[in-house]
Amino acid sequence: LAQVCFKLMAGEVDALLAQAYEKDFDVGQLVREAAGGGEHKAAQKAQVLDTAIVRVTTDLRQSVVAHHEDLLASAGCLDQLDVEIQKVHESVKKLKINADAVRRQTVDPFKTLKDKTVLLARVQQTSALTRRITRFMFDARKLRSQLDASNPDFTRAALALRDVESALAEGFVENIIAVQTDVR
């Protein structure tokens, strides 16, 4: 399984590198594609970018080692070679920074959205419970006022009693301290 995953990732890395070497490569488009695929897709794309950076670094080192003598012979002075190596290091550093930026721009917003979605669900549950409690308290007061009236209207009292019993049957009021007196 690990070999299959490695081969699949190697294909993605090859495709990404081929795309990156094109003159009209658009980093923004790469970020949009990664972000549009969800958190898993973004994390997968970040892993592919990391693997691509490692591969480019390894290929560069192998090329330098393979052509070390030729490079030294063709270099007029070591300072010029040092400048070129410094440029390569800066390019690799920029690639790593871009990979981190892609990760931040795709994964972090999804985590924030997930947290806010959980918070919204809790607020909605609280709101629904508050509406039920308010309705129960209103129905209990209406029942009490119908029964305590000098001339009680038993039809309205029966309707209010039905609403109170319905709320009690739902089972949400037993543990609410504010309505304990109305439950009794």
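**Charged pairs and their surroundings**

Reply: Glutamate 84 is partly exposed, with a relative accessible area of 41%. The model discussed here is a predicted one. The partner of glutamate 84 in a salt bridge is lysine 87, and the closest N and O atoms of the two are 3.8 Å apart. That distance counts because the cut-off for a salt bridge is 4 Å. Lysine 87 is likewise partly exposed, at 47% relative accessible area. Both residues belong to helix H5, where 3 residues, about one turn of the helix, separate them. An α-helix has 3.6 residues a turn, so residues three or four places apart point the same way.

In total, the model has 3 salt bridges. Another of them joins arginine 103 to aspartate 100, with 3.0 Å between the closest N and O atoms. This pair also lies within H5, 3 residues apart. Aspartate 100 is partly exposed, its relative accessible area being 36%. Arginine 103 forms a salt bridge with aspartate 50 as well, and here the closest N and O atoms are 2.6 Å apart. This pair connects distant parts of the chain, since arginine 103 is in helix H5 and aspartate 50 is in helix H3, 53 residues apart. Arginine 103 has a relative accessible area of 29% and is partly exposed; aspartate 50, at 31%, also counts as partly exposed. Through shared partners, Asp50, Asp100 and Arg103 form one network of salt bridges.

Helix H2 has Leu30, Val31 and Ala34 as buried residues. They cover an arc of only 95° around the axis, and therefore lie on the same side of H2. On the face turned away from that buried side, H2 carries the exposed residues Arg32 and Gly36. Just after H2, glycine 38 has a positive phi of about 95°.

Definitions and conventions
Residues are numbered from 1 along each chain as its sequence is written. This is a predicted model: local features need pLDDT of at least 70, side-chain atom pairs count only at pLDDT 80 or more; totals for chains, interfaces and linings use all residues. Side-chain values use heavy atoms; hydrogens and water are left out. Buried means under 20% relative accessible area, exposed over 50%, partly exposed in between (1.4 Å probe, protein chains only). Helices (H or I, at least four residues) and strands (E, at least two) are DSSP runs, numbered from the N terminus. The arc is that of the directions from the helix axis to the C-beta atoms. A salt bridge is a side-chain nitrogen of Lys or Arg within 4 Å of a carboxyl oxygen of Asp or Glu.
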